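Dear colleague,

I am passing on the structure we spoke about, and I would be glad if you could look through it alongside the notes that follow.

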Amino acid sequence: DPYSAEPTRHPALQINSLKPFNAEPPASILSDNYITPSVIFFKRNHLPVPRVDSEAYRLDIEGLPGGVVSLSLSELKSRFPKHTITATLQCAGNRRSEMNEVKQVKGLNWGIAAISNATWSGARLRDVLLFYGFGPEVAAKAKHVQFEGLDRDVTGTAYGASIPLNNAVSEEGDVLLAYEMNGEDLPPDHGYPVRVVVPGVVGARNVKWLGKIVVSDEESKSHWQQNDYKGFSPGTDWDTVDFKSAPAIQELPIQSAITHPAEGTSVDRSDREVTVKGYAWSGGGREVVRVDISVDGGKTWHVAKLRTSDQEQHPAPPPPPGRAWAWKLWEIDVPIPHRAQELEIVCKAVDSSYNMQPDTVAPIWNLRGVLSNAWHRVKV
Ligand code: MTE
Ligand code: MO
């Protein structure tokens with residue numbers, strides 16, 4: 001059984017698939033912490049978790065003028081400054097279950113919690129590439145940086161993905177070769193000993209158990225870069241889909257969801273107000289600037305209060321423009337309308353480019369169930 005050496009996992013996780021292991025925290029606890037504790041951080045594995053010996057570990061880098069570089073973990077840690085960022089990771093399939101309600105899609109049936117927020121520390125990919133000879137000559141030819149994991153399928157094929165070169169080497173991109181998550185060594189499920197963290201970019205490009213980096217004129221040839229994690233028209237079906245016709249997902253669109261109250265629960269009318277909580281985030285470093293809440297299905301709106309740290313008294317300093325990598329948690333007490341029997345609570349977020357979420361799922365439905373970011377609705 002290739003899954004015989006899997007790590008132990010927190011019992012609160014809601015399991016979506018056991019082999020490979022895929023799980024999300026209960027939505028009700030997701031917004032309890034600004035920084036998601038690693039044990040309940042959502043876990044998305046395509047393959048068995050490789051158990052890597054940190055002493056034997058090597059990170060190979062190809063495509064630079066000096067030939068292949070092979071780095072040990074201690075070299076990675078000692079040669080390059082340690083850089084820390086807070087960044088939210090979201091799977092492209094987050095909220096896929098809502099697309100399934102419109103029409104069947106292919107993929108894990110994620111709820112609203114295939115998204116989590118952590119602090120990540122490691123070497124900047126930019127620093128490493130520059131140290132080993134990246135410069136104008138390489139930049140003139142190369143267009144992508146490919147990553148390969150140490151996790152392999154039965155045929156020996158490794159997980160792989162790539163990102164545009166510009167993102168990998170830009171000073172503002174903050175792409176990390178991370179060896180710490182929330183101040184500790186990466187847990188086995190999250191890529192021990194080294195993973196890529198590409199803030200603002202879909203989870204799938206944040207390659208775990210990183211074994212190889214290739215600077216190349218081509219995107220990764222992997223299944224996950226070429227034939228998966230792409231968006232299509234609601235009119236495209238499995239008979240007509242041409243994966244070559246769409247770009248691989250990189251930056252994710254604006255997103256928000258309600259974590260409290262839960263669907264179908266009751267609120268106490270004598271309280272006169274209902275407390276609504278959730279998260280909001282946007283890809284590409286675009287900052288969430290506002291979250292609107294309605295309790296009457298979208299007829300009237302209220303602006304929620306945004307939170308950027310675990311302590312309300314100590315908000316995080318605002319990020320530099322274009323580098324808002326972390327989500328915002330939000331909360332609001334909304335008056336309960338007179339005589340209402342049922343409340344339809346709705347949230348929608350706005351980012352710094354004034355991108356907003358679509359109001360319904362059907363027009364953004366796609367056969368893979370990715371990029372599901374319609375207004376989130378909860379009836380209580
Ligand atoms: N990296 C490797 N090597 N293998 C994988 O299966 N899954 C990707 C990405 N990196 C994956 C990987 C996907 S689709 C997502 S959403 C994120 O890891 C999930 O990261 P997490 O498990 O740390 O939450
Ligand atoms: Mo994912």
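The centres of domain 1 and domain 2, taken over C-alpha atoms, are separated by 26 Å; please keep in mind throughout that this is a predicted model. The domain assignment of the protein chain places domain 1 at residues 14-245 and domain 2 at residues 255-379. To the contact between them, domain 1 contributes 42 residues and domain 2 contributes 34 residues. On the side of domain 1 that touches domain 2, at least two residues come from each of α1 (27-30), β6 (83-90), α3 (96-102) and β7 (115-124), and the residues of that side comprise 19 nonpolar, 14 polar and 9 charged.

The nonpolar core deserves a look next. The largest one has 103 residues, and Leu176, Leu177 and Ala178 are those with the most contacts inside it. Because domain 1 (14-245) and domain 2 (255-379) both give residues to this core, it lies between them. If neighbours within four places in sequence are set aside, leucine 176 is in contact with His83, Ile85, Trp120, Gly122, Ala123, Arg124, Leu125 and Val197.

As for the ligand, there are 20 residues around ligand 1, of which His46, Cys91, Gly149, Tyr159 and Gly203 come nearest. The shell around ligand 1 draws at least two residues from each of β3 (43-44) and β8 (144-152), and its residues divide into 9 nonpolar, 6 polar and 5 charged.

Strand β3 also belongs to an open sheet of 3 strands, whose order is β1-β2-β3 and whose pairing is antiparallel. In this sheet β1 (14-17) and β3 are the edge strands, each of them pairing on one side only. Strand β2 (residues 22-24) runs antiparallel to β3 and is joined to it by 2 bridges; asparagine 22 has arginine 44, in β3, as its bridge partner.

With best wishes

How values were computed:
Residues numbered from 1 in each chain as written. Chains lettered and ligands numbered in written order. Predicted model: local features only at pLDDT ≥ 70, side-chain atom pairs only at ≥ 80, totals over all residues. Domains from an automatic or database assignment. Contact = placed C-beta atoms within 7 Å. Helix = DSSP H or I, 4+ residues; strand = E, 2+ residues; numbered from the N terminus. Nonpolar A, V, L, I, M, F, W, Y, C, P; charged D, E, K, R; others polar. Near = placed C-beta within 6 Å. Pairing = 2+ DSSP bridges. Core = buried A, V, L, I, M, F, W, Y, C linked by C-beta atoms within 7 Å. Buried ≥ 20, exposed ≤ 12 C-beta atoms within 10 Å, placed from the backbone.
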